[in-house]
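Q: I'm new to this one and would like to go through it slowly. Could you show me the structure before I start asking?

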Amino acid sequence: MALNRKIAYVNLTTGEIKTAPIPVEMRQLYLGGRGLDMYLLYNHLKPGVDALSPDNVLTVSAGLLVGTPASASARTHVGAKSPLTGFVGSSNMGGFFAPELRFAGFDHLVVKGKAPSPVYLWVHDGEIEIRDGSKLWGEDVPTTQDLIREELGDPEIKALCIGIGGENLVRYANVMTGIKNAAGRSGTGAVMGSKNLKAIAARGTQDIAIRFPKEALEYNAKLLEHIGSTKFAQIMQKWGTMFIYGVTNTTGLVRNRNFQSNQQVGGNIECEHIEEHALGTEGCYGCIIHCRHKYMIRKGPYAGTYAEGPEYTSQGAFGMEVGCNNFETVLIGNHLVNKYGIDTLETGSIIAWAMELYEKGILTDKDTDGLKLEFGNDEAMLEMIKRIAERKGLGDILAEGPLRAAKKIGKDALKYCIQVKGMSNLHSDERPTPSLALGIATGSRGSDHLRSRPAIDLYHLPEKVLRSIYGGPKPYDGPLSSDYTSYEGKPRMVQWHEMLYEAIDCTGVCKFHSVFLSPNLIAFDELSKLIYHNTGLEFTPEEIWDIADRAYTVERLFNLREGLTRADDWLVDRYFDEPTPVGLPIVRGKTLDRAKFKQMVDEYYSLHGWDETGVPKPETLKKIGLDQEPSHML
Amino acid sequence: MTETQASSKKGERIGEVRCQNCFERFSPALGADKALCPACGFEWLISWSGTLAKIRKPVWESWERQLAQVSKKG
Amino acid sequence: MEKILVVNHEKCTGCRLCEMACAVKHVGANNPARSRIHVVKWPREGFELPMLCQQCEKAPCIAVCPKNALSRDSALNRVNLNYDLCIGCKMCVIACPFGGMGVDIVARQVIKCDQCDGDPTCVRFCNPGALQFVPASSVNLIKKRTVGVKLAEVMRKAVAA
Ligand code: SF4
Ligand SMILES: [Zn+2]
């Protein structure tokens, strides 16, 4: 059945490989995917290890519902101690790798040690081999996957891999599959690189048995019909995540010129431009939203290049943040980061920061080797992407991530850097939106919109609707506000989405099918049914919340063990001191209020059952069964 | 199912957009590439995919003037 | 009414829901190796093509079957596989020019698309409409109209000018 997938422990130093079944008790505690990965990291990692040393542990997994008729059940989760933040590293991606890993008989891979020379793992029908990867070293992301298929003689092989970014230990290097699917945040690609692990290839022909196949198919058919009927899905099918730009840049909710403006006035890189370049759209495994564009770069030095994307994040990274206003530049930037395997978000943000430092004279032509690193200089921006991936000149410093780079650059550099826990913020400007701000400040993997962002807070939903969403599955009768500029009830929203996204990540279903960008999609009730039909495991919506709570608290414990304090759940001063200069009246002249923000953090901690220093109270740990961790059951 | 689920399910909002300034929903004329918000007067560029409407971006050329007008009204 | 399962590769997004639905419907498990439909992909170009049994009129599989396990089913307009007669020699797999006949390594038998007895599950799950089950008599009319829209526009303009 869907539950009989195994876990494998691979030691690259000794070459030893052990496999074990995953006890159903572990499923009941953590489901799988991100949740179980977090348990594995907490149990297998020693506190304080160097993230780029052989002591780090890399986990790769497929969620509990991957490869089942549950909606868009395609996600691969990758975990490790993050070389970027030093806290929990966790990232997931779509594509076709996770289902193939399951067809090959495995749900979780735990990779330890360091291979003496480049290798890749070959996972096929219950077996795992460590193979020589020296011929792959130095190759870009799509070529690496092609070479593996060629070497093993099977075009159906699905592989994840690193590009030269991961090889060069860029601290925000991706693990990738396909042309653009990237586990981008947290720098797990650098962890693979540090282990001399270039790729993991999978191919399998084992059944994923469905507990109630008829009901599972029927339920999914209805769910898909519902999802497909929403305006959100239709917009995503047509435009992908780039549609968001039409709302955020228009309103004034983006970072422009690093953090100097909240809107690119005159912005001309909206999603509609993709029509001139698109060849169609593509879905991940089992997904009807197919938000990924297939495109061809038509002009310039990259003419004739096939690529996929770009996402909203790349519009920010190679558009608004760096003050560039050309859609072609976004297309090229997106292609480059995916080819090299580095995080589009971190790359764009860090270049934008460097541009502001250059503008302020903190970085000079000497530092940039003569490169005019000015806002709006498309060529310089694209060149910088390359230098980061290749670790050349200033690129070598920026490849170290915000905090280490700031230290090396010195002066006031850190003051201008927009980061939380050492991870750069998305290109959104959260000064007018306290709920979004609280989410990035408290996210377990650093500044991040995919841990908890209550994006639907931007939709001005009536209070009645908010109540029907946020009032359960665990009772909540505190305040809720339809006004996104308000501080009222926002900690509950953040906590609720945190729990939902954690649960979704445990199952491997895509967040775009959940209550993330649309209030109409999958939440706890639907998850409970999906899990039951496909696996036979019975959980009430409340119990799914408890599982998510347990997994999220493990992430918190991991971070606390690595030295996290309350001060890390905070934003940089610019959010509180510099008012937003432009945008629509509703977002103009906004800063966050320190006292109110502190109060939100307090409220958020108390909703979680954590004390005022952000540490889970003993009774909280007891309630969710974490008082005995680490338990080493797996 | 929430209220928004019920109404979006009927596909009612496919041809509607929501003004980003005042949050009122309105239906631009099918295929029109510009539309004025009937509630606040802001002008938006619209894009279409069949009958599916979406705000593309503001009319930047008159952006400052429009902003000045709404803030006067406000 | 006689119907044909037609594939429009231009609409296919490569999601493989059809493969999944097919396998779960027929064997109660998801396993592409046991699915009757397969989406062939060229990932470096973003090209995808769903492939399945074409239900041939002069089917090579029927011709080659030594046990008459394969036959033309005129009621459902498909090629039928009778497992009571099949000996599993796989001659049909060799003979099929499209790879429409497959081998189910778990059930230890050959497999082919049975169009779910007139209501194909893959079609139901194909959201973009790359798979369609349409009346055989009008299959080319649908295409003519789709392509004709463009042509008509050009010609109207020509007439107007
Ligand atoms: S379900 Fe439709 S879109 Fe998805 S792979 Fe199959 S044919 Fe293509
Ligand atoms: Zn308006």
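Q: How many residues lie between β7(A) and β8(A) in their hairpin?

A: The hairpin formed by β7(A) and β8(A) has two residues between the strands, and D125(A) in the turn has a positive phi of about 35°. Strands here are DSSP runs of E with at least two residues, while helices are runs of H or I with at least four, both numbered from the N terminus. Please keep in mind that this is a predicted model, in which local features need pLDDT of at least 70 and side-chain atom pairs count only at pLDDT 80 or more, whereas totals for chains, interfaces and linings use all residues. Residues are numbered from 1 along each chain as its sequence is written, chains are lettered from A and ligands numbered from 1 in the order in which they are written, and side-chain values use heavy atoms, with hydrogens and water left out.

Q: In which sense do those two strands pair?

A: β7(A), residues 119–124, and β8(A), residues 127–132, pair in the antiparallel sense over six bridges, where pairing requires that DSSP finds at least two bridges between two strands. Within β8(A), E127(A) is the bridge partner of H124(A).

Q: OK, zooming out, what does chain A span along its principal axes?

A: The C-alpha trace of chain A spans about 60 × 60 × 45 Å along those axes, and its secondary structure comes to 23 helices and 18 strands.

Q: Switching to chain C, how many of its residues are in contact with chain A?

A: There are 30 residues of chain C in contact with 38 residues of chain A, with contact meaning heavy atoms within 4.5 Å. About 2600 Å² is buried between chain C and chain A, and carbon and sulfur atoms give 54% of that; buried area is the accessible area, taken with a 1.4 Å probe, that two parts lose on being put together, summed over both.

Q: And how many salt bridges cross there?

A: The rule finds four salt bridges across the interface of chain C and chain A, each being a side-chain nitrogen of Lys or Arg within 4 Å of a carboxyl oxygen of Asp or Glu. One salt bridge joins the side chains of K294(A) and E48(C), at 2.8 Å from N to O. As for the elements, α1(C) gives the most to the side of chain C that touches chain A, with five residues.

Q: Which strand of chain A is joined to β2(C)?

A: Strand β13 of chain A, residues 208–209, is joined to β2(C) by two bridges, and the strands run antiparallel. The bridge partner of A209(A) in β2(C) is A29(C).

Q: What about chain B, how much area is buried between it and chain A?

A: The area buried between chain B and chain A is about 2800 Å², with 57% given by carbon and sulfur atoms, and 30 residues of chain B are in contact with 41 residues of chain A. The count between these two chains is four salt bridges, and the side chains of E272(A) and R56(B) meet in a salt bridge at 4.0 Å, N to O.

Q: Which element of chain B gives the largest share of the side that touches chain A?

A: That is β5(B), with seven residues.
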